[in-house]
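Let's take a friendly tour of a protein structure. Have a look at the sequence and the model before reading on.

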Amino acid sequence: MKVTLRIFRFNPETDSEPYYKDYEIEADPKDRVIDVLHYIKNEIDGTLTFRRSCLHGICGSDGMRINGKNMLACSILLQDLGYSDANKTYKKPIVIEPLPGMPIIKDLVTDFTDFWKKYEAVKPYLITKSPPPERERLQSPEDVELIMEASKCILCACCTTSCPSTWSNEDYLGPAALLKAYRFIFDSRDEATDERLDIIDTPNGIWRCHTIFHCVQACPKEINITWHISKLKQKLVEREI
Amino acid sequence: MIYKFDAVIVGAGGAGLRAALEIPEGYTCAVLTKVYPTRSHTGTAQGGVCAALGNEEEDSWEYHFFDTVKGSDFLGDQDAIEIMCYDAIRAIIELEHMGMPFSRNEKGLIAQRPFGGHTKPKDPNNPFGERVPVKRACFSADRTGHVMLQTLYENCIKRGVQFFPEFFVTDLIVQDNIVRGVVAIEIATGEIHIFHAKTVMFATGGYGRVYRITSNAVVGTGDGFAIAYRRGIPLEDMEFVQFHPTGLWRLGILVSEAARGEGGVLRNKLGERFMEKYAPTIKDLAPRDVISRAMYTEIREGRGIQGPDGTYYLLLDLTHLGPEIINKKLPEITGFARIYLGVDPLKEPIPVQPTTHYAMGGIPTNVDAEVVIDDKGTKVEGFYAAGEVACVSVHGANRLGTNSLLDIIVFGRRGGKKMAEYIKEHDFPPLPKDADEWTRKTVERILNSNGKERVSRIRKELQEIMMDNVSVFRTGEGIKKAIEKIKELKERYQEIKIDDKGKKFNTDLIEAIELGNLLDTAESIAYSALNRTESRGAHYREDYPKRDDQNWLKHTLIYKNEDKEPIIKYKPVVITKIQPMERKY
Ligand SMILES: Cc1cc2nc3c(=O)[nH]c(=O)nc-3n(C[C@H](O)[C@H](O)[C@H](O)COP(=O)(O)OP(=O)(O)OC[C@H]3O[C@@H](n4cnc5c(N)ncnc54)[C@H](O)[C@@H]3O)c2cc1C
Ligand code: SF4
Ligand code: SF4
Ligand code: FES
């Protein structure tokens, strides 16, 4: 089939403004979006710039906006976007843009500095005060179940950059950092619950979340982020009492 | 600019991060990585990391030792294997204490499952008698590497380790056998920097992208191998390339051995469980070299299934496992099958083919990750290597599943400890003049070159020729063809032209430099493979189908020789407890 990719382009060295460039190419409905990006870079225009690594949705490198939604270019096939007829020429382009709300470095590459700052702000590491036992700390399968979903997060920023609260307040911690806070607050081994709750119980913390669910729709790992945020809110309310 | 650090670690996968945690306060340490640390390849590991914890059934590190030696087809160094298997238990408990979220069993202990080649004697009183699979792989669903990488990174954050993400290392500064630092391109700005250091560790991971079908990330371009090789450091046992039996057909994306550990089986066109023929005792849990060869044989003998594009595959059948096991223990990989092939593993078997997976060979080190360049153990002062880029050698001619995640944490730590000692006792060696000359010239040449060759074309031709001639089955003739082609591609590489001439985030340039690394790495693999006229582990020569201990129970060391044929030397295998015997499963 023939499809057109309309790609957001910006080279800080030569362009004063970003623009969109169209590439009409031959593609297979089973191609991933990352495959067609590679095709363009390899065969047509080597200046096209994007991040990628694992190509199967586990490293979190290639979050981008595809037809208006945040997703991983390596985890979506053209046919999943509705381009499924091998004999057709599609008029409607596939629009590819960088993750919204982040500074642009070049083309689809964005600056993650702020994202990592918020990640670090929630103390993303196990804190224990009691001396470790000789063998493993015990955890029941149920204990682990409670943090398994949260620990799937690949830090791709698809959620945080789709969150309206983040757009309106850039200091809001955002869903990815809150999910990381959950990951440790609900880890039965962690001994810094209060410290962590203090970090998220702030004006730019958890209460900025208005449960709009954009983040859940954006998450390529199908993590129910708002469920986790609501558990944190519940925990905070219980602490008040 | 010139940075100065006591310790420079190149690579933020499991090996590099674990090493960084050993650099004591009061000393400076920089971790350079070409992708963000959490994007490193360790994060893709699925199945598990092994240690004879005995949480599910009786087990012992000595059984693990035996399996690893046998799995290596007796080419692994037994002193190193002993250290790794013994230390495994401590290493896993340490990860747990660091916060790694493991799957748990009913007793609240770290859960364990069977994995290829991991066994124990059926009768404990007869340690060399018949063996049965044992539950030794510790795991976190099928995201073991992901949570390991996260946990190690988290601990580095806690420690305040200094990272240089998206810094692409191009060269090692070494003179008079003393390492003095590295050269790196800061990708965001295009600036070339010198990192002056007392110690350097390479923890740069593998080279899967030398081949067309691979489970490895696009960044797995063998940079560490090629840089060391170009700087006169030999590479050990490069002919041993692991092909994992179950890559998703055509894509190479890995379906972990855990799928078979949980009970999945391989089938051919006739629906036969063909591994019963090739490894009667442990069948689908035989080591990877054995199964990959069995699969190629099935396809050659007409029992593969042909796809619409003419290529062949076999089937990995999980349909009998049921939703409980598939959804709880193998969620990621069943997701891959659904997303990429449109196959629901609950209902239909998954099309698979062997995929290039792991580098057994690499930069030669001793058991403390110190780089050694000959058979006498001569060190390169201040230079360390750990993880997949290193060859200790614990994997010999064939690595067992789950032994790499173990290797990286055990030897990453040991290397880090040695670096810590070294930086306390030594001053900074002076930097040579023009330490970044090679990098500057290379960058200039690529940016200004106006040839007619495209990077992607040369890369593709390299990947094709290596896949067709230096993979599961090899012949002298085929390998020679590959060598000729590599020579041709190297010449054409001088004539490349890239589109992006800018400084900032020039991935066109980075890919061009990576291609140079792929070519040098491929050269070392092909020449080593041509030289070894026997079959052992993953290296199978159809023209020399037998293992030949008389002549070949030794490690290959290959040295670059400018533009002439590389030089090959040898190093003995360390044998302590187990004498080579026939390897049957
Ligand atoms: C799909 C898959 C599944 C696997 N599953 C398992 C498993 O279940 N169990 C198991 O034991 N093993 C498994 N393995 C093998 C294991 O994951 C790897 O061998 C291991 O993680 C390698 O770790 P490492 O630290 O050596 O390197 P990596 O994790 O590959 O890290 C390499 C680092 O080096 C950096 N780097 C590379 N080149 C440069 C450069 N030029 N400049 C700057 N930085 C550079 C990269 O950015 C990265 O940070 C699997 C491998 C794959 C591919
Ligand atoms: S649910 Fe909360 S975090 Fe998620 S998008 Fe809405 S406001 Fe943002
Ligand atoms: S929660 Fe989901 S969308 Fe957000 S960073 Fe993690 S994986 Fe990405
Ligand atoms: S390339 Fe790794 S998540 Fe897409």
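## About the model

This is a predicted model, where local features need pLDDT of at least 70 and side-chain atom pairs count only at pLDDT 80 or more, while totals for chains, interfaces and linings use all residues. Residues are numbered from 1 along each chain as its sequence is written, chains are lettered from A and ligands numbered from 1 in the order in which they are written, and side-chain values use heavy atoms, leaving out hydrogens and water.

## A helix in chain B

Meet helix H11 of chain B, residues 403-425. From first C-alpha to last, its 23 residues reach 33 Å, close to the 33 Å expected at 1.5 Å a residue (the expected span is 1.5 Å times one less than the number of residues). Helices here are DSSP runs of H or I with at least four residues, numbered from the N terminus.

Is H11(B) mostly covered or uncovered? Mostly covered: 17 of its 23 residues are buried, meaning under 20% relative accessible area with a 1.4 Å probe, protein chains only.

## Around ligand 2

Now to chain A. Ligand 2 has 14 residues around it, each with a heavy atom within 4 Å. The closest are Cys163(A), Cys209(A), Ile212(A), Cys215(A) and Thr226(A). Helices H4 (164-168), H7 (214-218) and H8 (225-240) of chain A each supply at least two residues of this shell.

What classes make up the shell around ligand 2? There are 9 nonpolar, 5 polar and no charged residues. Ala, Val, Leu, Ile, Met, Phe, Trp, Tyr, Cys and Pro count as nonpolar, Asp, Glu, Lys and Arg as charged, and the others, Gly among them, as polar.

Technical notes. Buried < 20%, exposed > 50% of the residue type's maximum accessible area, 1.4 Å probe, protein only.
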